[in-house]
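Please keep the sequence and the structure in view while reading.

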Amino acid sequence: QLQLVESGGGLVQPGGSLRLSCAASGSTLDSYEIGWVRQAPGKEREGISCMSKSGNRTRYPDSVEGRFTISRDGPKNTMYLQMSSLETEDAAIYYCVVRPTLSLHTCNLDSRAYPYWGQGTQVTVSS
């Protein structure tokens with residue numbers, strides 16, 4: 001059974017950077033499409049990054065494009081979300097998500113597509 005454990009959330013000042021980690025166990029991340037989803041209080045869940053199973057395709061919504069980067073470390077079986085130039089609007093609970101797929105070179109930003117979720121980690125952006 002695939003399990004995902006996140007870490008790296010916390011308090012950061014506007015303009016700062018933070019890296020979230022998501023360690024997987026029970027299966028290898030290389031076999032899945034992966035992503036990150038966030039949910040702020042009173043707002044809907046938002047898919048903010050994804051990576052194809054092959055690793056050669058990533059996608060981001062306009063809200064984070066150019067500021068966030070998703071990555072994966074095969075030997076460590078861990079995925080990351082590097083966040084920079086953080087804004088107060090980025091404050092949310094962040095979840096890593098994983099999806100079995102036959103597709104090698106596509107990925108989905110729709111959070112509803114992902115059956116496996118981490119427990120979430122809080123990111124607070126405040127001065």
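Does Tyr-95 count as buried or exposed, and at what relative accessibility? Tyr-95 counts as buried, at 13% relative accessibility, where buried means under 20% relative accessible area, exposed over 50% and partly exposed in between, with a 1.4 Å probe and protein chains only. The model is a predicted one, in which local features need pLDDT of at least 70 and side-chain atom pairs count only at pLDDT 80 or more, while totals for chains, interfaces and linings use all residues. Residues are numbered from 1 along each chain as its sequence is written, and side-chain values use heavy atoms, with hydrogens and water left out.

**Aromatic pairs**

Rings of Phe, Tyr and Trp (its six-membered ring) pair if their centres lie within 6.5 Å; planes under 30 degrees apart count as stacked, over 60 as edge-to-face and the rest as tilted. By this rule there are two aromatic pairs. Tyr-32 and Tyr-116 form an edge-to-face pair, with 6.4 Å from centre to centre and 75 degrees between the planes. Tyr-32 belongs to strand β4 (residues 32-39) and Tyr-116 to strand β10 (residues 116-117), so this pair ties together parts that are 84 residues apart in sequence. Strands are DSSP runs (E, at least two residues), numbered from the N terminus. Tyr-32 is buried at 12% relative accessibility, whereas Tyr-116 is partly exposed at 25%.

The rings of Tyr-95 and Trp-117 have centres 5.5 Å apart and planes at 70 degrees, so this pair is edge-to-face. Because Tyr-95 lies in strand β9 (residues 92-100) and Trp-117 in strand β10, the pair ties together parts that are 22 residues apart in sequence. Trp-117 counts as partly exposed, at 25% relative accessibility.

Arg-45 is found at both of these rings. A charge sits over a ring if NZ of Lys or CZ of Arg is within 6 Å of the ring centre and within 35 degrees of the ring normal. The charged end of Arg-45 sits over the ring of Tyr-95, 5.8 Å from its centre, and Arg-45 also lies over the face of Trp-117, at 4.4 Å from the ring centre.

**Strand β11 and its partners**

Strand β11 (residues 121-125) has a covered face with Thr-121, Val-123 and Val-125, and an uncovered face with Gln-122 and Thr-124. Two strands pair if DSSP finds at least two bridges between them. Strand β2 (residues 10-12) runs parallel to β11 and is joined to it by three bridges; Val-12 has Val-125 as its bridge partner in β11. Strand β9 runs antiparallel to β11, again with three bridges, and Ile-93 has Gln-122 as its bridge partner in β11.

**Disulfides**

A disulfide is a pair of cysteine sulfur atoms within 2.5 Å.

| Disulfide | Distance between sulfur atoms |
|---|---|
| Cys-22 and Cys-96 | 2.1 Å |
| Cys-50 and Cys-107 | 2.1 Å |

The torsion about the S-S bond of Cys-22 and Cys-96 is about 55 degrees, so this disulfide is right-handed. Cys-22 lies in strand β3 (residues 18-25) and Cys-96 in strand β9, so the pair ties together parts 74 residues apart in sequence. Cys-22 is buried at 0% relative accessible area, and Cys-96 is buried at 0%.

For Cys-50 and Cys-107 the torsion about the S-S bond is about 60 degrees, so this disulfide is right-handed. Cys-50 in strand β5 (residues 46-51) is linked to Cys-107 in the loop between β9 and β10, 57 residues apart. Cys-50 is buried at 0% relative accessibility, and Cys-107 is buried at 7%.

Methods: Helix = DSSP H or I, 4+ residues; strand = E, 2+ residues; numbered from the N terminus.
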